[in-house]
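Me: Could you take me through a few features of this protein, with the rules behind each value?

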Amino acid sequence: AIEQDKILYFILALPQKIVLVKTGDKKKEKQFLGYEFSKRRGSEGIHPTQRSKSIDDCTQLYDANTFKNPVKASTYIYQAFAGQFDLTISEELKENISYQNLVDALTFDRVDFEKTISLSVKKKVKIKSKYKIIRLGQIAQTQYGFTDKATSNGKIRYLRITDLKDNGTIKPIQQAVFINPSEETKKQFLLKNNDIVIARSGSVGKSAIYNSDIYEQMIFASYLIRLTANKKMVLAQYLFNFTKTEMYWNQVEFHSMTVTQPNLNAEKIKNFQIPLPPKDIQEKIVSEIELLEKQEQKASKVIKQFKLAIESIINDLGKNEKVTLDKISQNLDSHRKPVTRGDRQKGKYPYYGASGIVDYVSSYLLDDTVLLISEDGANLKSRVYPIAFTASGKIWVNNHAHILKFKNKTTHKLVELFINQSDISEFITGQAQPKLNQKNLNSIKIPLPSLLEQEKIISKIKKIEEEITLLENSIAQIPQQKEAILKKYLE
């Protein structure tokens, strides 16, 4: 009877399309719905997310007056009732609305058939290959990582999800944490050469391969899963390269999609499908990909040398006479205006904060080229991101970034480079909440040569930056080139 029901529902659902509407979570949900609930005494109830506006004005869910408003979800729902699914979804709603096949919202591959429609639609994964497709669990063993409390000092490095880089390498030891494991723990959890680790939560599916010739000893943390390749059947490097392909990531998405936090477990990973070509074909794939990786390493090394060259040029400025920032720039902080997330209207104009663009809004405060410098935030001390950055065109700036206007672009560029390279800690106040106030900003001294000399320096730096951009573009193309190599041999 259950199988008959499955066949019946499959036949009924197959030709049907649906509009799936998702509100998002927390802040995004409030923004989409246009209202929020308040339990504050004297203000209980539902309130619009933007002050002085009604819920009808704020919501993206409906338009009370028409079903022809493409920035309201009700339009797509109405069109669906009319059997029309060809209306292009507005950019503002693409995170909330999607067209789906009804059959993909039903689950037919379980013993029980609950006939429920899932809001987490899983698109079927199709693997194309001229070689046999097998389950990953047939060629590799899996193991969960070790749980411990890490510190800045210890005997063995503790590998976490945050240590994995996008290209499959591991961050340097300067960013590491450590543990003091027992001999038994080391025996069970020390990584071995060519072990692959996969994130099962957070950055789900992210992977890296351990090379004992490059990295120090490591024990992998509990939110990582180790893959140990069966050497008789598969090359570890081939298996690792598979984790960077579209066919792998489609399966990550399929298996990790849940109503709550996306996650993977060892059983799901073992059920991933992978084409298994003969060993000699695997070796050809790995060999060609290794050539690309050597090109990437060489390009990265040259980029590092170019950046050091720019640093050297900026350091040489120190021999010039110094002038304070307020003598060479106009402060436009009076043009700043902070707007809380709930009061912002979505649009096309960049909304800048302390470290760059934080949103896009429907209007602007400035139409100019200016230098923005962080006023507050932990980044003033950590310097993970540039604290000085150029903003051009129609923009909105909040009160977390200072606005400076220069008479010429050359001085603007030179100051930007100097600020980003210099230690300005003496001008920053506050430990818990670091702050660079306007008075201290104005008193920062900039070594400034003549305008003619500035132009020569910037011309030289721009040529170096152009070379860096070319190399970065070539590196950005390497993942696609790796994918092309796999397709060439496998399909």
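Predicted model: local features only at pLDDT ≥ 70, side-chain atom pairs only at ≥ 80, totals over all residues.

Reply: Residues are numbered from 1 along each chain as its sequence is written, and side-chain values use heavy atoms, with hydrogens and water left out.

Me: At what angle do helix α14 and helix α15 pack?

Reply: Helices here are DSSP runs of H or I with at least four residues, numbered from the N terminus, and their axes are lines fitted to C-alpha atoms over the stretch in contact, with angles from 0 to 180 degrees between N-to-C directions. For α14 (residues 451-476) and α15 (residues 478-490) the axes lie 5 Å apart, and the angle is about 30°.

Me: Which residues make the contact between α14 and α15?

Reply: Contact means heavy atoms within 4.5 Å. On the α15 side these are I478, P479 and Q480, and on the α14 side S474, I475 and A476.

Me: Which side chain meets D195 in a salt bridge?

Reply: A salt bridge requires a side-chain nitrogen of Lys or Arg within 4 Å of a carboxyl oxygen of Asp or Glu, and by this rule the count comes to 23. For D195 the N to O distance is 2.9 Å, and the partner is R226.

Me: Why does the pair D195 and R226 tie together parts that are apart in sequence?

Reply: D195 lies in the loop between α5 (183-189) and β9 (196-199), whereas R226 belongs to strand β12 (residues 224-229). The pair therefore ties together parts whose separation in sequence is 31 residues.

Key:
Helix = DSSP H or I, 4+ residues; strand = E, 2+ residues; numbered from the N terminus.
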